[in-house]
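Please read them next to the model.

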Amino acid sequence: MKIGFIGLGNMGGPMARNLVAAGHDVSAFDVVAPIPDGMTAKTSAAAAAKGAEIVITMLPNGAILRGVANDIIPAMSSGSVLLDCSTVDVESARAVADQAAATDVGALDAPVSGGIGGAEAGTLTFMVGGTDDAFARAKPLFDIMGQKAVLCGPSGNGQAAKICNNMILGATMIATCEAFALADKLGLDRQAMFDVVSTSSGYSWTMNAYCPAPGIGPTSPADNGYQPGFAAELMLKDLRLSQQAAEAVDADTPMGARAKELYETFVEGEGGLGKDFSAMLPRFEKRGRS
Ligand code: NAD
């Protein structure tokens with residue numbers, strides 16, 4: 001397949017490399033990142049998009065996506081598909097899809113989970129919004145770059161699924177970390193805490209699969225000095241997007257709002273930048289109630 005790829009950073013670079021390794025013809029553009037071997041480097045986003053059956057974008061945010069979409073949609077052929085894998089606000093995803101539809105270009109919003117490791121290994125999960133037809137066309141590429149792709153409904157629903165999932169994840173991580181800090185102060189051994197909670201009604205992915213306490217449970221970033229993993233600032237980005245969406249549709253999300261505030265304080269004022277999002281545990285450990 002002839003593919004345009006725009007945004008070859010930490011995630012986009014390895015995703016594009018996997019497409020080349022599977023035999024696809026990739027034309028690529030990035031404003032900064034070097035273009036990996038095996039693909040054709042282009043001098044603009046429009047040039048990378050021209051003549052492609054599918055154009056993939058993997059960009060930092062919604063404003064940049066909208067700018068790139070303005071450049072590439074006029075260059076894209078009728079019947080081609082714009083596949084955005086970035087994490088962006090729901091509104092931008094829907095605006096770009098409407099713009100694409102106006103010129104008979106299909107659009108999918110398909111944010112991912114799985115991080116840089118998943119991008120390199122081709123084991124990402126894609127949460128997808130868009131039409132059945134566009135999804136079917138992109139499916140062979142999802143199969144190369146990932147292990148699972150779920151069509152969640154019309155445009156924007158992929159982003160909606162991602163931010164709802166990550167709002168649960170952020171709030172659950174905080175709840176798990178504060179419970180460990182309380183257990184410490186009550187004299188409860190961390191291993192005993194894990195053994196009980198991981199098999200009781202307080203269990204969660206953050207406790208059972210990604211335990212924030214070092215030396216407890218399966219290996220996680222806590223066992224590696226809280227090197228990410230999933231960085232606290234990326235969790236903050238997703239929590240901000242979920243609050244932006246909640247405001248737009250008047251949804252009451254008090255736990256998500258508090259999780260956003262706590263990650264904001266952690267990242268911007270308490271040295272959380274560059275640490276895994278589970279480093280909330282050492283943060284709580286050091287604190288009292290005030
Ligand atoms: P990144 O900053 O490493 O990559 C983004 C790339 O886009 C950069 O190389 C940048 O130069 C390029 N870019 C910016 N503006 C551009 C433009 N106008 N035209 C062309 N290229 C442009 O970020 P990343 O970690 O690869 O993340 C990409 C997206 O994936 C983000 O939306 C992020 O939230 C999401 N995401 C990241 C992770 C992760 O673990 N890194 C996990 C899940 C989702």
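1. On a 1 Å grid over the protein atoms alone, a pocket is an open set of points with protein on both sides within 12 Å along at least five of seven lines, a cavity is a set where a 1.4 Å probe fits but cannot get out, and lining residues have an atom within 4 Å of a point. Helices H3 (62–72), H5 (115–121) and H10 (232–249) are the elements that each put two or more residues into the shell around the ligand. Helices (H or I, at least four residues) and strands (E, at least two) are DSSP runs, numbered from the N terminus.

2. The model is predicted: local features need pLDDT of at least 70, side-chain atom pairs count only at pLDDT 80 or more, and totals for chains, interfaces and linings use all residues. Residues are numbered from 1 along each chain as its sequence is written, and side-chain values use heavy atoms, with hydrogens and water left out.

3. Which residues come nearest to the ligand? They are Asn10, Met11, Asp30, Leu59 and Lys237, out of 23 residues around the ligand; to be near, a residue needs a heavy atom within 4 Å. The shell divides into 14 nonpolar, six polar and three charged residues. Here Ala, Val, Leu, Ile, Met, Phe, Trp, Tyr, Cys and Pro count as nonpolar, Asp, Glu, Lys and Arg as charged, and the others, Gly among them, as polar.

4. A polar side-chain atom of Asp30 is 2.6 Å from a ligand oxygen, and one of Lys237 is 2.8 Å from a ligand oxygen. Thr87 instead uses a backbone N or O atom, at 3.0 Å from an oxygen of the ligand. On its own the ligand has 830 Å² of accessible area, of which the protein covers 83% (Shrake-Rupley method, 1.4 Å probe).

5. The largest pocket has a volume of about 1,400 Å³, a volume being the space filled by probe spheres set on grid points joined across faces, edges and corners. Its lining has 46 residues, with Met11, Gly115, Lys162, Phe230 and Leu234 nearest the centre. H7 gives the most to this lining, six residues. By class the lining has 24 nonpolar, 16 polar and six charged residues.

6. The second largest pocket holds about 540 Å³. Of its 16 lining residues, Glu178, Arg283, Phe284, Gly288 and Arg289 lie nearest the centre. H7 again gives the most, here seven residues. The lining comprises nine nonpolar, one polar and six charged residues.

7. Strand S5 (81–84), helix H4 (90–101) and strand S6 (106–109) each give two or more residues to the lining.

8. Two backbone details deserve a look. Most residues other than glycine have a negative phi, and most peptide bonds are trans. Pro228 and Gly229 are joined by a cis peptide bond, with omega about 15°; Gly229 is in the loop between H9 and H10. Asp104, which is not a glycine, has a positive phi of about 60° and is in the loop between H4 and S6.

Notes. Polar contact = N/O pair within 3.5 Å; in protein donor to acceptor, adjacent residues only side chain to side chain.
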